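Dear colleague,

Please find below the structure that I am handing over to you. My notes on what was found in it follow directly after.

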Amino acid sequence: MTSYKDLGLVNTRDMFAKAVKGGYAIPAYNFNNMEQMQAIIMACVETKSPVILQVSKGARDYANMNLLRNMAKGATEYAHELGYDIPIVLHLDHGDSFETCKECIDNGFSSVMIDGSALPYDQNVAVTKKVVEYAHKFDVTVEGELGVLAGIEDDVQAETSHYTQPSEVIDFVSKTGVDSLAISIGTSHGAFKFTAEQCTRNADGILVPPPLRFDILKEIEKKLPGFPIVLHGSSSVPQEYVKIINQYGGKLKDSVGIPEEQLREASKSAVCKINIDSDGRLAMTAMIRKYLTEHPDVFDPRKYLAPAREALKQMYMHKNIDVLGSAGKA
């Protein structure tokens, strides 16, 4: 068994308590490869932001969990080398079973999510409690989920969303002992979060999604004052990257995300962790498509991955400073 403490990682407990009190959210960025990890750490060191490195099932299948774990260890050493020891969490995103969560805990993850949101309520409580009881033996923190987000992210997919019921949150948290709770208030997984019919168009013809249900969030905050809340599916889908992708051969029609001003508002509440994955994929793909089109003779991956990494870094810095408010909080 590998302890996350031996890897230089931390769990989310103190990190979330400070974020709730300080009115900001911790960035939870998904990564699958070295360039993404480098960009995340560079951005968070430069902005002095704590960070959660998220690993999805797709990432574990693609890059191997042991490699990702050791990349996280490398991330702590890389941050030190860059000159600032930011707090870094290695988090399992959307764990689908007790066995998956246990495997990650045993392999050095400092935080896990058990996603039983698609199960009947009593089964969700049971599996979440089982994960919490195991994780807390090793001081690993656990995120549970109530409510279902629409959209697609790796193997996590649902056609329709089901908002979190505020009437259930006290019972769920007290029975399971979770350290944080992911809720559904209108965010959605993937780059195509809403259909055109669900949106309106602004003066520039850009799709505008329905607003987040801050009324539900406020009711949950009343019932769980000061308790750490998590938002999944919170990429804003920057239209400049969508345009670049489409300009250089892509076909991302009517992709739309969560407006950043709504995420900024959410981060001032008990929402202390905001998950961002699709934005990183878009930035990277946009720069790679552009570079390869403009330099058709290039076949060295370093040549086109370097500008992609820089675009990622700049985007993450923007998120930390202007959206999540986590800059300077490390």
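**Aromatic pairs**

Four aromatic pairs are found when the whole structure, which is a predicted model, is searched. In one of these pairs, the ring centres of F98 and Y134 are 5.9 Å apart and the ring planes stand at 80 degrees; since the cut-off for edge-to-face is over 60 degrees, the pair is therefore edge-to-face. F98 belongs to helix 5 (residues 98-106) and Y134 to helix 6 (residues 121-135), so the pair ties together parts that are 36 residues apart in sequence. F98 has a relative accessible area of 15%, and is therefore buried, the cut-off being under 20%. Y134 is likewise buried, with a relative accessible area of 15%. Ring pairs also bring in F138, so that F98, Y134 and F138 are linked into a cluster.

**Charges over rings**

Two lysine or arginine placements may be of interest to you. K48 lies over the face of Y84, at 4.8 Å from the ring centre. R213 lies over the face of Y163, and here the distance from the ring centre is 5.1 Å.

**Helix 2**

Helix 2 itself comprises 13 residues, 34-46, and spans 18 Å from its first C-alpha to its last, close to the 18 Å expected at 1.5 Å a residue. At the start of the helix, a side-chain oxygen of N33 comes to within 3.4 Å of the backbone nitrogen of E35.

How many of the 13 residues of helix 2 are buried? The number is 11, so the helix is largely enclosed by the rest of the structure. The buried residues include E35, Q36, M37 and Q38, as well as I40, I41 and C44. Among the elements that cover them are strand 1 (26-30), strand 2 (51-55) and strand 3 (88-95). Helix 4 (65-82), helix 11 (278-294) and helix 12 (301-324) also contribute to this cover.

**N124 in helix 6**

Helix 6 also contains N124. N124 has a relative accessibility of 2% and counts as buried. Beyond its neighbours within four places in sequence, N124 is in contact with G116, S117, L119, E145, L146 and F172. With G116, the side chain of N124 reaches the backbone oxygen at 3.4 Å. As for E145, this residue is 21 residues from N124 in sequence, and the C-alpha atoms of the two are 8.5 Å apart in space.

With kind regards

Key
Residues numbered from 1 in each chain as written. Predicted model: local features only at pLDDT ≥ 70, side-chain atom pairs only at ≥ 80, totals over all residues. Heavy atoms only, no water. Helix = DSSP H or I, 4+ residues; strand = E, 2+ residues; numbered from the N terminus. Expected span 1.5 Å × (residues − 1). Buried < 20%, exposed > 50% of the residue type's maximum accessible area, 1.4 Å probe, protein only. Contact = heavy atoms within 4.5 Å. Polar contact = N/O pair within 3.5 Å; in protein donor to acceptor, adjacent residues only side chain to side chain. Phe/Tyr/Trp six-rings, centres within 6.5 Å; stacked < 30°, edge-to-face > 60°. Lys NZ or Arg CZ within 6 Å of the ring centre and 35° of its normal.
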